[in-house]
Every structure is written in structure tokens, then in C-alpha cells.
Amino acid sequence: MLEIANRIGTLKILIVYASFGDGHRQAALALKQSFSAIGVGQIMLLDLLAESHPRLNEFSRFFYMKSYSLWPQVYGWMYDATRSMKPNSLFSHWLHSIGAVTLRRLIDRERPDAVVHTFPLLVLPSISRKGLPRIPMYNVVTDFDLHMRWVHPKVDKYYVATEDLRDELARTGIPIARIAATGIPLRFANAPSRPAAATAERFGLDPARPTVLVMAGAYGVLSGVRELCRRLADSQGAQIALVCGRNRALETAMRHEFGAEGCGVRVFGYIERIDELMGLSACIVTKPGGLTLSEAMLAGLPIFLYRPLPGQERNNARYLAAKGAAVVCKTPRELAASIAGLLGNPSQRHQMQAAIGALRKEGAADRIALDIIQDLPVI
């Protein structure tokens, strides 16, 4: 055992992510924490696109952010058009060559024992050299939807959100033994406990009133936030916890809009311990990013999704709605009515929580890290 522990302590793990939204980065950080807890000696995080092509990265981030308000159909068309691309296609080869020089330099310098992806920039196969040991490669899919960009014949193992996604991936020809339905790595591994009244007061919330958690995304891009909050605050005596993420302009505007005492809306910026706020809430309104959805399910929160963006977020929303774990709404009026119906109907809330419980997976980051270590030759 001591020999194994010493070998684990010498391992180097490289985690490749991207800074689109915040989910890929948060998944990478969760995995880093789990690898560290096992005793891995060195865990390196690499935002490959940002490091290798900063201007392309900024343009891609700009396009991603603007797609919510200016051209959502274009983003959705691009996602759907490439969703079934083959790993051996010219487009796939080009896509997986972005950042090759940067990654090759890092590989030559650090010689990692494994590369883990929380974003599908699968450059490693294109830079592998004859005469060098092959580096194992693992993909952690961070949505409930499968895009073929994640699929490559050189991937040793895939970690996915659900058994349904595992089966869908297996139908592409990947042996099911190389796919594990672990869930998506999260910042907190277990369901948050119900916080004490003092925690509610620390957030400026009334512990006696139901709280609707509205998350605008890490960069505050949920559309129609002002009207959503006004309608929600007028329904069923609920109070609103509005999280604006890192969008300082949105946070300032919402504080100005809802700053009056007694309006029923509390405005927050980015919150690291979002599990505490989830533990205080009766339900959540959010954009359907894979990580936030998984956090909400871990907390047992009924999920309301407002006008999901075409692409992976719309497909995430459709999947959870089909399972009874989420409600998709197209207008602020419909959203307010749906939440009021839930708050006034305990049986509906219990039904949604039961559906969420059937999908919920705890400890994903720990399970993935341990499985990868067991897959590596540590003796």
C-alpha cells in the first residue's frame, strides 16, 4: 500500500478545460480537488484555447455571450450542424488541432501521466509522437446531450451524466465498458443540508417565506431577468434570490431596480457557496447549463427553465423536462404561473423531486478521479 501511495504521489494529471460559461472550469476545479484528496502529486489545469489563441478565445467567448441576445438561432444551427460530425472528418481534424503547439510544449516539458478533458479540445492524438509513451486520455462530458465533438477513437474512457447518455454514446460504437455514468463533477459532492435560520438572515432572506432562486448564469446572461423577478415577487408571497454571477453591470442595474426594502428581491453577484443558497430555496430558475442543472438536482430543487438557448442547453432542457425533473417556460407570465402552481401544490413539488432523485448522482468528481487512478499503472 505504501508503494502504491508513493506512486500516486508522483503522478501528474493534466486537466484541459475552456472558459465558455463557467461549467467547464468548475468541473475541472472539482476534479482537481478530488485528485488532490487521493494524493496525486501534481494536477495541472489548462485553458487551452485561451493559452494558445487568446484572440480567438476572446472572439469565441464574445460570440457565445452574444448568442443569448443577438443570434441564438445561428448558434443553434452551428451546434446542430456539427452534432453528428465524424471523428475522422476534415472538420474534426481541424477542430482538434487548435492549440497543438501549446499542448505539445507542455507535454514535452511536464510529461503528464494522463490528460482529462472537461471541454472537447481533443488535441492529444494529433501531437502524439513515435517513441514516446502513450498518454491515457479521458473525457468528462459536461452536458446531458451528446455532441460528437466529444467522441474520438483514442479516448480511453468517457464519464457522462446519465445512463441514457451512456447508452446513446454506446450506440456510436464505443464499448460500454469504456463509459461510466458518474454524473457531472460539482463544487460540492453531497446534497446540501437545510441551512439554519441564521444562514437565511445572513443572505438577507426571511426563513419563513419560500425562496425562488433565480440564477442568471456565471456571466449574467439569462434574458428578461427584470420582468421575471417582478412577476415572481408578486406571486404566492415568495421572495426572490437573484444571482447575477460576474456580470457587474447587471448586478448594479438590478440593485438599483430592486433596492427598496420590502420589494421581495435580494440581488447577489457571484456566489462561491451556492449550495447554501440552494439549500434555502424552494425551486430554481436557471439557464440549462449542465453543471448548474446537476447542482440543482443534487440539492433536490424543482427546476424551471426560461427560453433555453438553441443547442446543448435546449437539448439539456428537453431531456430533463421529458424526465419530469424540469419545466420549460417561454414567457415570464407562464414562468410565474408555473412557479406559483408549484409553491401552492406540495404534491407537484414531491413529484418533481422524485424525478430529480432518480437522476441525481452524488460524488461524481471523487468517483471519476478514483476510477482514472485505478485505470493508470500506479504500481
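In this predicted model, strand β8 (residues 239–243) runs parallel to β9, and four bridges join the two. One of the residues involved is V243, whose bridge partner in β9 is F268. These strands belong to an open sheet of six, laid out in the order β9-β8-β7-β10-β11-β12 with parallel pairing. Out at the edges stand β9 and β12 (326–329), each with a single partner strand, so one side of each has no neighbour in the sheet. On average, neighbouring strands here are turned by 20 degrees against each other, direction ignored.

Helices pack on this sheet too. Helix α11 (residues 225–233) touches β7, β8, β9, β10 (283–286) and β11 (303–306), and its direction makes about 160 degrees with that of β8. Helix α16 (residues 332–343) lies across β7, β10, β11 and β12, running at about 175 degrees to β11.

Next come the aromatic rings, which form three pairs in the structure. In one of them, the ring centres of F144 and Y319 are 6.1 Å apart and the planes meet at 20 degrees; since planes under 30 degrees apart count as stacked, this pair is stacked. F144 sits in the loop between β4 (137–140) and β5 (157–160), while Y319 is in helix α15 (residues 312–322), so the pair ties together parts that are 175 residues apart in sequence. F144 counts as buried, at 6% relative accessibility, and Y319 also counts as buried, at 15%.

R202 lies over the face of F203, at 5.2 Å from the ring centre. R246 does likewise with Y270, at 3.9 Å from the ring centre.

Zooming out, the chain has 18 helices and twelve strands. Of its 379 residues, 54% count as buried. Among contacts with a separation of 6 or more, 68% are between residues 24 or more positions apart. As for the surface, the chain exposes about 17,000 Å², with carbon and sulfur atoms supplying 52% of that area.

Definitions and conventions. Residues numbered from 1 in each chain as written. Predicted model: local features only at pLDDT ≥ 70, side-chain atom pairs only at ≥ 80, totals over all residues. Heavy atoms only, no water. Buried < 20%, exposed > 50% of the residue type's maximum accessible area, 1.4 Å probe, protein only. Contact = heavy atoms within 4.5 Å. Areas by Shrake-Rupley, 256 points an atom, 1.4 Å probe, with all protein chains shown as cover. Phe/Tyr/Trp six-rings, centres within 6.5 Å; stacked < 30°, edge-to-face > 60°. Lys NZ or Arg CZ within 6 Å of the ring centre and 35° of its normal. Pairing = 2+ DSSP bridges. Axes fitted to C-alpha atoms, helices over the stretch in contact; angles between N-to-C directions.
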